[in-house]
Amino acid sequence: MEKTFRLFGLTGVLALISYSAMVVLSPLAYPGYNWLTMAVSELSAAGAPSEVVANQLNALFGPCSVVCSTLVFIASRNSSVKTFRAGITLFTLMEWICTAGYEMFPWVSGVDICFQNIMHLVVTAAVVILSLLSLILLAISAEKILRAWAIAALIAMVLGPIGTALLPPSVFGLFERFSTFSAVVFNAVLGIYLYKGKLDKVVLK
C-alpha cells in the first residue's frame, strides 16, 4: 500500500509535462500568438482559437497537481516541524484554488473588463499569495536540497510580477512564465520526494 501511495507522487511530473505541452504546443493553434508579449491564460481563454487544443493538452495538469499536492500533504502530517507542515498545507490549498478557480473562471479572450475576468484575477492573486507564503515557510524549514528548490521557485515567482511591472510589455509573457512555471516545477519536485519516500527526511534537524 505504501509503495502504491508513493507511486502517485509521479502525478506531479505528469502535471508538469501536461502544462509544458500546453504552453509549447497550443500556440500553434493560435495565429498571431506571441509568447513574449501574451499571457499563458490567453491560450485557454474562452473564445481563443487555441482554446480546445490548450484544454486537451492541459487536461492532466489540474487533476494531477491536486492529487500530488494532496498526497504530499497527507505524507507531511508525520513531520514534527510545524513550519514545514504549514508550508505544505498552504501549497496544497493553493493547488486546489488554482485548479477549481481557473476552471470556474477562465479568461475571456478579447474582453478587458467583465465579471469572469475580474474573478480570474482574484484567483490569480490568491494563488500567488499562497504560493509565496508556502515557499517562504518551506525555504526556512526544509533541508538544504529542498530548501534550494523552494528558494529558486520563490525567486522565479517574485521575478514574474517585478518583470511584468517594471519592464516593457514586449517581455510580459516571458516574465509571466517565471511565475506560472515556478509552482508547477516545485509541485513536481515534491512529487518526486514523495515517490522516493524522502518526505520524512526533508526537514531541518
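Trainee: Which residues have the most contacts inside the largest nonpolar core?
Mentor: This is a predicted model, and its largest nonpolar core has 45 residues. Two or more residues are given to this core by each of α2 (11-25), α4 (61-76), α5, α6, α7 and α8, with α8 giving the most, 7 residues. Inside the core, the residues with the most contacts are L146 and F186.

Trainee: Against which elements do the buried residues of α7 pack?
Mentor: The buried residues of α7 are L146, A150, A153, L154, A156, M157, G160 and G163. The partners that these buried residues pack against are α5 (82-104), α6 (115-141) and α8 (172-195).

Trainee: How far apart are the end C-alpha atoms of helix α7?
Mentor: Helix α7 covers residues 144-166, which is 23 residues, and at 1.5 Å a residue it should therefore span 33 Å.

Trainee: What is the nearest side chain of opposite charge to E143, and how far away is it?
Mentor: E143 is placed in the loop between α6 and α7, and at the start of α7 one of its side-chain oxygens comes within 3.0 Å of the backbone nitrogen of I145. The side chain of E143 also makes a polar contact of 3.2 Å with the side chain of Y193. E143 is buried yet has no salt bridge, a label that requires a distance within 4 Å. The nearest side chain of opposite charge is that of K144, at 6.8 Å.

How values were computed. Residues numbered from 1 in each chain as written. Predicted model: local features only at pLDDT ≥ 70, side-chain atom pairs only at ≥ 80, totals over all residues. Heavy atoms only, no water. Helix = DSSP H or I, 4+ residues; strand = E, 2+ residues; numbered from the N terminus. Expected span 1.5 Å × (residues − 1). Buried < 20%, exposed > 50% of the residue type's maximum accessible area, 1.4 Å probe, protein only. Contact = heavy atoms within 4.5 Å. Polar contact = N/O pair within 3.5 Å; in protein donor to acceptor, adjacent residues only side chain to side chain. Lys, Arg positive; Asp, Glu negative; His and termini not counted. Core = buried A, V, L, I, M, F, W, Y, C linked by side-chain atoms within 4.5 Å.
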